[in-house]
Amino acid sequence: MMRKFGCALLLLLAACGRPAPEAAERADSGNPLEIAARERGIVRPEATDLTGVFERRHDLGRDAMCVVPDGADRWRFAVTAAFGPGLSCEASGRIIRDGEGWRLDFAGAEGCSALVREEEDELQLPGGLPSQCDKLCPERASLSGLRLPRASWAEGDARRLQMKDKRGNMIMPCGA
């Protein structure tokens, strides 16, 4: 009986030390440690900014996306998705906020846009893209349903992210 009381008391004391959820959401964004952590991509900044790197490695290769600011409430992106040896998609374009999601407008494919959402630090493209997007990828490959977990919130990481171009050369499509 005494043992159960002791465990309950420890649990109660541990719960007392936790800040209220509202207090946790009001972190001191002006704190030098908070600023340094955000600059290094260690903690998540406000959800109104998509800047950073999204990346996933898998058996067939690497899927990656970099996103950098491109004016007020606008970003530009580059994405690559691997589907096996010699088969991949490379695309780029612009992003704007659209309600609860983000609208990706793909360059070089007029009318090709997609509303994506970020859920639990993972960017999710819809399972079906407009037919105008078919020219983004060769053969049967498609960016439809692509899911990319966030790897960094840092703009510097996004600008330094390397991807292979169509010739196999390493480039930094979000750099400069």
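**Contacts and pockets**

Reply: Leaving aside neighbours within four places in sequence, E122 is in contact with R56, R117, R147, L148, P149 and R150. The model is a predicted one. E122 belongs to strand β7, which covers residues 122-124. Its relative accessibility is 13%, so E122 counts as buried, the limit for that class being under 20%. With R147 there is a polar contact between the two side chains, at 2.8 Å.

R117, one of the residues in contact with E122, also has a computed distance to G99: the two are 18 residues apart in sequence, and their C-alpha atoms are 9.9 Å apart in space. G99 sits in the loop between β4 (88-98) and β5 (101-106). Because its relative accessibility is 56%, G99 counts as exposed.

Now the pockets. The largest pocket holds about 320 Å³ of space. Its lining has 16 residues, and T80, A82, S88, E90 and K164 lie nearest the centre. Strands β3 (74-82), β4 and β9 (163-164) each contribute at least two residues to this lining. By class, the lining of the largest pocket comprises six nonpolar, five polar and five charged residues.

The second largest pocket has a volume of about 200 Å³. Here 15 residues form the lining, with V79, E90, A91, S92 and K166 nearest the centre. Again β3, β4 and β9 each supply at least two lining residues. The lining of the second largest pocket divides into eight nonpolar, two polar and five charged residues.

Notes: Residues are numbered from 1 along each chain as its sequence is written. This is a predicted model: local features need pLDDT of at least 70, side-chain atom pairs count only at pLDDT 80 or more; totals for chains, interfaces and linings use all residues. Side-chain values use heavy atoms; hydrogens and water are left out. Helices (H or I, at least four residues) and strands (E, at least two) are DSSP runs, numbered from the N terminus. Buried means under 20% relative accessible area, exposed over 50%, partly exposed in between (1.4 Å probe, protein chains only). A polar contact is a pair of N or O atoms within 3.5 Å; within protein, one must be able to donate a hydrogen and the other to accept it, and residues adjacent in sequence count only if both atoms are side-chain atoms. Contact means heavy atoms within 4.5 Å. On a 1 Å grid over the protein atoms alone, a cavity is a set of points where a 1.4 Å probe fits but cannot get out, and a pocket is an open set with protein on both sides within 12 Å along at least five of seven lines; lining residues have an atom within 4 Å of a point. Grid points are joined across faces, edges and corners, and a volume is the space filled by probe spheres set on the points. Ala, Val, Leu, Ile, Met, Phe, Trp, Tyr, Cys and Pro count as nonpolar, Asp, Glu, Lys and Arg as charged, and the others, Gly among them, as polar.
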